[in-house]
Amino acid sequence: MSNFEYIISGLPWLTLDYRYESGKGYGTVVDEIRGNLSEKDGALVDDLLRGFDEASLTEDFYAGALRHKLPFLREYFRFDLNLRNAKVRFLNKALGRDAELDVMTGLGSEDDTDVDIDGYRFTGGEFEEEAAVQAALDQDDLLSRERALDEIVWAKVDSLATFHYFDITAVLAYLAKLHIVDRWLSLDAGTGRELFRKLVSEVRGTFKGVEYNG
């Protein structure tokens, strides 16, 4: 059985200057967390990490993810699908191509046993963040665009983890945010440290009853 209070109270495993300890990285943090999880909860972490691997993001992946039993993972990947499709449409427009080229629709084939009455294996559903994503994509500066998109992802993770403090959803939300931090530490160290500082405050605030001011 996973001891979530122990796991959450031990986060994060990073130094005060917002860099990984010597010889450590995102994978090391994941391994330390997984070492304190049950086999069942560790499998849920693996489900999240699979979605961070670009090579895994096929229609088969989303067909399974959007049926996941855990609400956080199901809705996180529904959002991820809609976000990625928005990026594809934006790129298509910039290149003068058909807007729907390479967009994942989830439309099933005639012999697909997983299609529903409308002929879809999966659908993205309502995309509440569509306007905000479009505004972010319209920014000219590449780093500003990426920062704005990641802020939208961060906010989405927060909304999906609301009222989850010491459970697997809290752990998955932490890992989703740390994945953003990890990317920025290599992309732009200043932004990475700023985001990590925010993440540390959130974790400590949760453990201290959202009263942490240190």
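Accessible areas here come from the Shrake-Rupley method with a 1.4 Å probe, and for residues only the protein chains shown count as cover. With that in hand, start with everything selected: the accessible surface of the protein chain is about 11,800 Å², and carbon and sulfur atoms own 50% of it.

Some ground rules before you click further. You're looking at a predicted model, where local features need pLDDT of at least 70 and side-chain atom pairs count only at pLDDT 80 or more, while totals for chains, interfaces and linings use all residues. Residues are numbered from 1 along each chain as its sequence is written, and side-chain values use heavy atoms, with hydrogens and water left out.

**The whole chain**

Switch to cartoon view. You'll find nine helices and zero strands in the protein chain; these are DSSP runs numbered from the N terminus, with helices being H or I of at least four residues and strands E of at least two. Now color by burial (buried is under 20% relative accessible area, exposed over 50%, partly exposed in between, with a 1.4 Å probe and protein chains only). Of the 214 residues, 43% count as buried.

**Into the core**

Next, pick I33, F72, Y76, I168, Y174 and L175. In the largest nonpolar core, which has 59 residues, these touch the most other members. Such a core is a set of buried Ala, Val, Leu, Ile, Met, Phe, Trp, Tyr and Cys residues joined through side-chain atoms within 4.5 Å. Then highlight helix α8, residues 168-187: with 13 residues, it gives the most to this core.

**The rings**

Time for the aromatics. Rings of Phe, Tyr and Trp (its six-membered ring) pair if their centres lie within 6.5 Å; planes under 30 degrees apart count as stacked, over 60 as edge-to-face and the rest as tilted. The whole structure holds six such pairs. Zoom in on F61 and F77: their ring centres are 5.1 Å apart and the planes sit at 90 degrees, so this pair is edge-to-face. F61 is in helix α4 (residues 59-65) and F77 in helix α5 (residues 71-95), so the pair ties together parts 16 residues apart in sequence. Both F61 and F77 are buried.

Slide over to Y62 and F122, a tilted pair with 6.5 Å centre to centre and 45 degrees between the planes. Y62 belongs to helix α4 and F122 to the loop between α5 and α6 (130-137), so parts 60 residues apart in sequence are tied together. Y62 is buried at 1% relative accessibility, and F122 is buried at 5%. To see one aromatic cluster, select F61, Y62, F72, Y76, F77 and F122 together.

**A charge on the inside**

Where is D41? Look in helix α3, residues 39-50. D41 is buried yet has no salt bridge, and K40, the nearest side chain of opposite charge, is 6.2 Å away. Lys and Arg count as positive and Asp and Glu as negative, with His and the chain ends not counted; a salt bridge needs a side-chain nitrogen of Lys or Arg within 4 Å of a carboxyl oxygen of Asp or Glu. Leaving aside residues up to four places away in sequence, D41 touches S2, F4 and I168.

**Two loop stops**

Finish with D102, in the loop between α5 and α6. Its phi is near 70 degrees, a positive value in a residue other than glycine, and D102 is exposed at 57% relative accessibility. F163, in the loop between α7 (142-160) and α8, also has a positive phi, near 70 degrees. F163 is exposed at 69% relative accessibility.

Note on methods
Contact = heavy atoms within 4.5 Å.
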